[in-house]
Amino acid sequence: MRSLWLCWALWALPLTGPGAAVTEEQILSSLLQQLHLSEVPVLDKSDAEELVTPAHVRAQYVALLRRRHGVRSRGKRFSQNFREVAGRFLVSEASTRLLVFSMEQRLPPNSELVQAVLRLFQEPVPEAALRRHALLSPRSDGARVTVEWLQIRDDGSNRTFLIDSRLVSVRESGWKAFDVTEAVNFWQQLSRPREPLLLKVSVQMEHLGPLASSFYKLVRFASQRPSGTRQGEPQLELHTLDLREFGAQGNCDPEAPVSEGTRCCRQEMYIDLQGTKWAENWVLEPPGFLAYECVGACQQPPEALTFQWPLLGPRQCIASETASLPVIVSVEEGGRRQPQVVSLPNMRVQKCGCASDGAPVPRKLEP
């Protein structure tokens with residue numbers, strides 16, 4: 001099975017470790033980058049004392065403080081549970097088919113999706129057709145099968161997203177697997193549990209030109225086996241992780257010391273900007289903030305799952321959601337120093353979670 005995981009956006013916090021809190025050096029580096037400065041400005045205490053923060057600057061700062069609680073970054077996912085969903089072909093053409101999967105109550109509550117696998121049964125090609133194919137186009141033996149997610153907008157228009165693509169031979173038959181995890185994640189982002197999942201399956205020739213054969217059209221996927229059983233129907237396998245067993249526990253118990261047996265949690269960690277030399281007379285607000293860090297251990301999946309996804313490393317306690325840090329700094333404009341609001345991304349850990357090292361994160365569905 002060919003996976004498009006490498007096409008997904010890989011997410012990483014600018015932290016010293018998977019769940020480590022941000023450091024003063026990283027705050028400084030981010031601040032210099034946002035202000036397009038190469039070094040910290042040298043300011044006297046009198047410069048800061050004479051500055052008066054205007055009402056609109058303070059209002060902007062307060063608005064960013066409130067907004068940061070609602071802005072979340074995406075985390076990583078892994079899996080343990082498995083479900084199979086039977087689908088049906090809604091539209092059938094020579095080279096394109098539309099699959100419809102009812103997804104209502106298919107994903108368990110308090111779980112995260114790790115992998116969704118679409119399985120299609122490729123029908124065998126008659127021997128006579130294969131002999132004609134060998135005579136007319138002996139070098140053309142493959143066809144490209146492409147799976148796309150189909151989104152129906154509120155206005156009735158639609159758009160498609162490439163999900164997976166692989167080569168198959170016209171001489172093959174049997175079950176073919178496609179990684180459609182990203183399609184299910186897109187569907188989840190719509191937050192419409194009663195709407196079905198629509199997958200468009202297309203078969204095209206792999207090579208263009210005068211020697212290209214039309215025998216790619218012989219690659220057909222069955223909606224039902226000739227025997228009349230349901231064995232040939234398209235199947236959607238959903239692999240999920242039960243967060244009650246494999247997830248983090250939220251905030252750490254302040255009364256209990258962190259040990260090797262501590263379950264992944266978010267621990268308080270205060271960054272004192274007021275006591276930092278480089279921030280003196282330059283950073284006006286805040287004097288400090290709770291950055292938090294992720295500590296503790298995560299339960300590892302069974303060996304069977306580790307074998308199924310060998311490229312994924314051990315699961316770690318990571319910062320799965322972060323928030324920006326708004327600050328008010330003193331900047332020079334027109335020969336005068338003025339207060340200015342700057343937002344530094346990924347400075348405060350909002351939530352910790354367990355994720356396998358190397359696990360991808362799907363793209364965010366844009367409007």
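This is a predicted model: local features need pLDDT of at least 70, side-chain atom pairs count only at pLDDT 80 or more; totals for chains, interfaces and linings use all residues.
Which strands are included in what covers the buried residues of helix 1?

View 1. Helix 1, of twelve residues (24-35), reaches 17 Å from its first C-alpha to its last, close to the 16 Å expected at 1.5 Å a residue. Ile27, Leu28, Ser30, Leu31, Leu32 and Leu35 are buried in this helix, and what covers the buried residues includes strand 12 (270-272), strand 13 (283-285), strand 14 (288-290), strand 16 (315-333) and strand 17 (336-356). Just after the helix, His36 takes a positive phi of about 60°.

**View 2. The buried and exposed sides of helix 3.** The end C-alpha atoms of helix 3 (residues 55-67) are 18 Å apart, which agrees with the 18 Å that its 13 residues should span at 1.5 Å a residue. Val57, Tyr61 and Leu64 are buried in helix 3; because they cover an arc of only 65° around the axis, they lie on the same side of the helix. Ala55, His56, Arg66 and Arg67 are exposed on the other side, while the buried residues of helix 3 pack against strand 13, strand 16 and strand 17.

**View 3. The largest nonpolar core, with Val180 among its residues.** This core has 32 residues, and those with the most contacts inside it are Leu118, Trp149, Val180, Leu197 and Leu199. Among the elements that give two or more residues to this core are strand 4 (111-122), strand 5 (142-152), helix 5 (181-189) and strand 8 (197-205). Leaving aside residues up to four places away in sequence, Val180 touches Ala116, Val117, Leu118, Val147, Ile163, Leu199 and Leu236.

Key
Residues are numbered from 1 along each chain as its sequence is written. Side-chain values use heavy atoms; hydrogens and water are left out. Helices (H or I, at least four residues) and strands (E, at least two) are DSSP runs, numbered from the N terminus. The expected span of a helix is 1.5 Å times one less than its number of residues. Buried means under 20% relative accessible area, exposed over 50%, partly exposed in between (1.4 Å probe, protein chains only). Contact means heavy atoms within 4.5 Å. The arc is that of the directions from the helix axis to the C-beta atoms. A nonpolar core is a set of buried Ala, Val, Leu, Ile, Met, Phe, Trp, Tyr and Cys residues joined through side-chain atoms within 4.5 Å.
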